[in-house]
Amino acid sequence: MTATSQPRTQLLAATGAALSIGLVLAACSNGAGGGESVEISFLVDNQPHTISLAEDLAAAFSEENEDVTVTVDTRPGGGDGDNLVKTRLATGEMADVFIYNSGSLFQALTPDQVLVDQSDAPWIDDLDDDFVTTVSTDNGIYGNAWGATFGGGIIYNRPIYDELGLEIPQSWDDFMANNEEIAAAGYDPVIQTYGSTYTSQLFVLGDFANVAAQDPDWAEEYTANNRRYADEPAVHAFEHHQAVYDAGYFNENFASADDAAGSRMVAEGEGAHYPMLTNTVLTHTQQNSPDHVDDLGFFAIPAQDADHTQATIWQATGIYIPQSTEGDELEAARDFVAFITSERGCELQLEHLNPGGPFPGTCDLPDDVAPLLTDIEAYVEQGRTAPALEYLSPVKGPNLEHILVEVGSGIRDAQSAAERYDEDVINQARQLGLDGW
């Protein structure tokens with residue numbers, strides 16, 4: 001699961017960007033120096049909404065900086081795109097500005113050796129602390145934010161909660177008590193959609209913030225092979241997944257339904273809870289059940305102890321400058337990176353992207369945003385969040401989704417599933433050359 005914003009299906013209202021006009025003018029008035037024309041290149045992935053946003057940003061920046069031309073270039077996604085980025089950085093042929101993953105994949109670029117430290121940039125102070133951890137090393141902060149975050153937790157149907165007088169559960173016992181009342185009222189308490197197998201992972205991946213709340217060093221120690229999913233506190237996520245299946249709380253067609261069907265079921269009130277990514281459910285609902293967007297809410301997967309319940313957040317993509325960019329091009333590149341999250345840049349991001357959560361930098365969500373997003377924003381404002389594990393550790397086995405389908409189908413129990421997953425990650429960790437494996 002990677003942090004990408006979805007194509008926007010309708011235009012949102014104008015942004016309430018926090019960046020002052022003075023900052024925008026300061027960012028754009030430096031120019032390329034000496035009145036000489038400068039051309040810089042901007043490398044983005046090849047998704048249509050990414051390209052259209054990049055081209056509009058380039059045009060808008062050049063309108064305000066007539067001596068600078070920004071040329072947009074594209075690369076493939078997936079492994080081919082990763083290889084191209086690493087090769088161009090290694091050979092000094094990287095574009096002057098480029099977007100790329102934050103988190104563990106960013107760390108694999110060896111940023112101290114190939115990227116420009118942007119710690120002194122004017123937008124740094126506006127970045128969310130969780131995002132900063134995913135684009136920085138001990139020696140510098142290398143990335144601004146491209147796009148928005150999204151949450152992984154429980155998407156719930158607000159009308160069902162209102163009808164039954166339920167409160168947002170803070171602990172796992174609260175959640176199961178709500179499920180009992182929902183089942184008694186004739187609704188499916190928890191939607192599962194194993195027709196889209198990746199969705200089976202949310203009870204585990206979305207629980208990571210709760211693990212981090214109990215053991216802040218868990219991700220670092222896991223990467224060093226000193227923590228296990230088969231042990232507490234991480235094993236509770238597997239146990240919770242089994243407990244919901246054992247209680248018979250899943251929808252009848254859980255084995256074949258896909259993520260679009262699950263999104264419709266929670267939006268239209270056939271089921272009360274859907275453990276899922278917010279951007280996926282919101283996009284499906286806007287496309288297929290637009291009258292029910294305001295019926296969706298979000299809460300973090302409850303921990304055993306309410307004091308540990310936090311929301312797991314998938315972070316935005318980063319915007320970087322390679323060390324191969326120098327002179328007037330470097331000055332123009334720094335101005336362009338600042339422009340992307342200026343007031344005009346935020347307006348363009350909102351026109352092209354469909355946020356699944358708050359922006360981690362200077363851009364703000366509109367006032368008329370879906371309730372699902374304001375629910376996530378509340379966790380961020382309260383400091384009750386942590387990045388998803390994939391932003392803190394490169395260790396993730398390929399078979400987690402299939403192992404969790406087995407748990408959620410009564411084929412395998414939670415403890416053996418956690419132990420099997422611990423075995424699953426060994427080869428991947430060794431292939432990465434991590435110490436301690």
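Student: Which residues of H12 meet which residues of H19?

Tutor: Contact means heavy atoms within 4.5 Å. In this predicted model, Val 235, Phe 238, Glu 239 and Gln 242 in H12 meet Ala 414, Gln 415, Ala 417, Ala 418 and Tyr 421 in H19. By class, that contact of H12 with H19 has six nonpolar, two polar and one charged residues. Ala, Val, Leu, Ile, Met, Phe, Trp, Tyr, Cys and Pro count as nonpolar, Asp, Glu, Lys and Arg as charged, and the others, Gly among them, as polar. Residues are numbered from 1 along each chain as its sequence is written, and side-chain values use heavy atoms, with hydrogens and water left out. As this is a predicted model, local features need pLDDT of at least 70 and side-chain atom pairs count only at pLDDT 80 or more, while totals for chains, interfaces and linings use all residues.

Student: At what angle do H12 and H19 pack?

Tutor: Helices (H or I, at least four residues) are DSSP runs, numbered from the N terminus. Axes are lines fitted to C-alpha atoms, for helices over the stretch in contact, and angles run from 0 to 180 degrees between N-to-C directions. H12 (residues 235-246) and H19 (residues 414-431) pack at about 135°, with axes 8 Å apart. Angles under 35 degrees count as roughly parallel, over 145 as roughly antiparallel, 65 to 115 as roughly perpendicular and the rest as oblique. H12 and H19 are therefore oblique to each other.

Student: Is the crossing of H12 and H19 left-handed or right-handed?

Tutor: A crossing is left-handed if the near helix is turned anticlockwise from the far one by less than a right angle, and right-handed if clockwise. For H12 and H19 the crossing is right-handed.

Student: How does H12 pack with H18?

Tutor: H12 and H18 (residues 400-407) pack at about 40°, their axes 9 Å apart. That makes H12 oblique to H18. From H12 come Phe 238, His 241, Gln 242 and Tyr 245, and from H18 come Leu 400, Leu 404 and Val 407. This contact of H12 with H18 has five nonpolar, two polar and no charged residues.

Student: How many cavities does a search of the whole structure find?

Tutor: Rolling a probe the size of a water molecule over the atoms shows where empty space is left. On a 1 Å grid over the protein atoms alone, a cavity is a set of points where a 1.4 Å probe fits but cannot get out; lining residues have an atom within 4 Å of a point. The search finds three cavities of 30 Å³ or more. The largest cavity has a volume of about 80 Å³, and its lining includes Trp 314, Glu 390, Lys 396 and Tyr 421.

Terms used
Helices (H or I, at least four residues) and strands (E, at least two) are DSSP runs, numbered from the N terminus. On a 1 Å grid over the protein atoms alone, a cavity is a set of points where a 1.4 Å probe fits but cannot get out, and a pocket is an open set with protein on both sides within 12 Å along at least five of seven lines; lining residues have an atom within 4 Å of a point. Grid points are joined across faces, edges and corners, and a volume is the space filled by probe spheres set on the points.
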